[in-house]
Amino acid sequence: MTTFQTIDDIEPGQRLLVRIDVNAPVDDGVVQDDRRFARHAETIRELLTDDHAITLLAHQGRPGRETFVSLAQHAEILADHLDRPVDFVPDTVGEQARAAIEDLESGDVLLLENVRMCDGELPEEEPAVKADTDLVGTLADEFDAYVNDAYPTAHRSHASIVGFPVVMDAYAGRVMEQEYTANTAVRGRSFDGPVTMILGGTKAEDVIPVVERLAEEVDRFCLGGVVGELFLRASGHDLGYDVDGTELFDHQWADHGETVERLLSEYGEKIALPTDLASEGGAEGEGEGPRVETPVDEITKETSYLDVGSETIERYTDLVAESGAVYVKGAPGVFEDERFADGTVEILSAIADADCVSVVGGGDTAHAIELYDLAADDFTRVSIAGGAYVRALTGESLPGIEALEEAAR
Ligand SMILES: Nc1ncnc2c1ncn2[C@@H]1O[C@H](COP(=O)(O)OP(=O)(O)OP(=O)(O)O)[C@@H](O)[C@H]1O
Ligand SMILES: O=C(O)[C@H](O)COP(=O)(O)O
């Protein structure tokens, strides 16, 4: 039973503003198709059967990052999934966008430009403040109703997520409804065997609070990725520092280092850390060097480590094999590069083979399942969300859901 309205409650033939999340991996400027497109295409297809005119609003990356690109390619990928045209306009809230919206007829689909290019979208603020932005004020007038299908962004109090429901009728799309229901249901379940959580990836702010919030439910946390290195730094290893111009470690350490140290001292017996890591070997300037593995005790600050090593993989996969449930958030290594995919692929394969409840979350992590031809059906659930998924697991409320609930009241 949901406490918000869904697309089942919308009268046919409306002009809809539909917020989706097709924030995808970008490789050398090329946007990669992933599960998010396929899932949102299902919602759009369903809405089209009710003769709505659909305008899609979405984001990609964040200002300053390489992944912060236009949504022109996203429109093409969506069109492939839908097998029908998806128009794109390189404008979100200006005259060009408004003219394109006004031209829309029932059965048309239009994608607006990256909403994070608009002032007012990003800072996280209260819904009333976001409702007062030019973005919300201008676009709300063009539509009969707002649909939020962007579950992976439901944990952000951004204008396109929490602002529209303040000023117009608001409904959850199918992805929002299904992900919310399924991820919330995992919480509080009991399992036949220990509960293991694999935590990795780059977003420390998403992962670090999970250790404390789920310390009761989870028997052991197996860490990898950038987050694993930050915990190794806290345990006194010469690791988890930015090298070669990376901007992944030092600022996250400045923000979360003390918390990591505290978590390690309070929950250390539940936390498994890598004992070896992989990096790129070969002399500088030689091009792509081979994978080289080093025990963490012999590691120095000057090298970038990009995957967990074989000994760590064996320990983690053994723990997975004896688990009653395994949750995953974030990849243990840079799986996009085949040399550093062993940790991610072997651990995901062990989970797929294990006789346990398994939930994999994280947009990038879910992408690894497709990239390495693992079968999504071998997992109990593959969530397309990262931050929103872990917050649902830990019982934290999601501003995007609260906004829909408030609109329903
Ligand atoms: N040691 C490492 N150094 C740098 N990047 C790493 C390392 N280990 C993993 N990664 C990267 O982490 C990324 C996944 O991180 P992210 O925190 O975005 O996880 P996610 O939960 O899958 O996605 P999201 O939260 O965005 O939905 C992968 O693309 C991978 O390349
Ligand atoms: O990929 C995600 O996790 C969502 O699209 C949210 O993106 P963000 O972490 O940049 O807010």
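Contact here means heavy atoms within 4.5 Å. The legends below describe close-up views of a predicted model.

View 1. Arg36 belongs to helix H1, which spans residues 35-48. Leaving aside residues up to four places away in sequence, Arg36 touches Asp21, Val22, Asn23, Pro152, Gly363, Ile384, Ala385 and Gly386. A polar atom of the Arg36 side chain lies 2.9 Å from the backbone oxygen of Asn23. Arg36 has a relative accessible area of 8% and is therefore buried, the cut-off being under 20%.

**View 2. Gln60 in the loop between strand S4 and helix H2.** The loop that holds Gln60 runs between strand S4 (53-57) and helix H2 (72-82). Gln60 is buried because its relative accessible area is 0%. Its side chain makes a polar contact of 3.2 Å with the side chain of Asn23. Apart from residues up to four places away in sequence, Gln60 touches Val22, Asn23, Ala24, Val26, Thr67, Phe68, Val69, Leu71, His74 and Asn114.

**View 3. The shell around ligand 2.** The residues around ligand 2 are Asp21, Asn23, Arg36, His59, Arg62, Arg116, Pro152, Thr153, Arg156 and Lys203. By class, this shell has six charged, three polar and one nonpolar residues.

**View 4. Polar contacts of ligand 2.** A polar side-chain atom of Arg62 is 2.8 Å from an oxygen atom of ligand 2. For the side chain of His59, the distance from an N or O atom to an oxygen atom of ligand 2 is 3.0 Å, and for that of Lys203 it is 3.2 Å. Ligand 2 taken alone exposes 310 Å², of which the protein buries 94%.

**View 5. The shell around ligand 1.** Ligand 1 is surrounded by 24 residues, and the closest are Lys203, Lys329, Glu336, Gly363 and Thr365. At least two shell residues come from each of helix H9 (225-234), strand S14 (305-308) and helix H13 (363-371). The shell has 10 polar, eight nonpolar and six charged residues.

View 6. An N or O atom in the side chain of Lys329 lies 2.4 Å from an oxygen atom of ligand 1. The corresponding distance for the side chain of Asp364 is 2.9 Å. Thr202 takes part through a backbone N or O atom, 3.0 Å from an oxygen atom of ligand 1. Taken alone, ligand 1 exposes 650 Å², and the protein buries 90% of that.

**View 7. Residues annotated as "binding site".** An unreviewed UniProt entry lists Asp21, Val22, Asn23, Arg36, His59, Gln60, Gly61, Arg62, Arg116 and Arg156 under this feature.

How values were computed. Residues are numbered from 1 along each chain as its sequence is written. Chains are lettered from A and ligands numbered from 1 in the order in which they are written. This is a predicted model: local features need pLDDT of at least 70, side-chain atom pairs count only at pLDDT 80 or more; totals for chains, interfaces and linings use all residues. Side-chain values use heavy atoms; hydrogens and water are left out. A residue is near a molecule or strand if one of its heavy atoms lies within 4 Å of it. A polar contact is a pair of N or O atoms within 3.5 Å; within protein, one must be able to donate a hydrogen and the other to accept it, and residues adjacent in sequence count only if both atoms are side-chain atoms. Accessible areas come from the Shrake-Rupley method with a 1.4 Å probe; for residues, only the protein chains shown count as cover. Helices (H or I, at least four residues) and strands (E, at least two) are DSSP runs, numbered from the N terminus. Ala, Val, Leu, Ile, Met, Phe, Trp, Tyr, Cys and Pro count as nonpolar, Asp, Glu, Lys and Arg as charged, and the others, Gly among them, as polar. UniProt positions are given in the numbering used here, feature names are shortened, and annotations may be inferred rather than shown by experiment. Buried means under 20% relative accessible area, exposed over 50%, partly exposed in between (1.4 Å probe, protein chains only).
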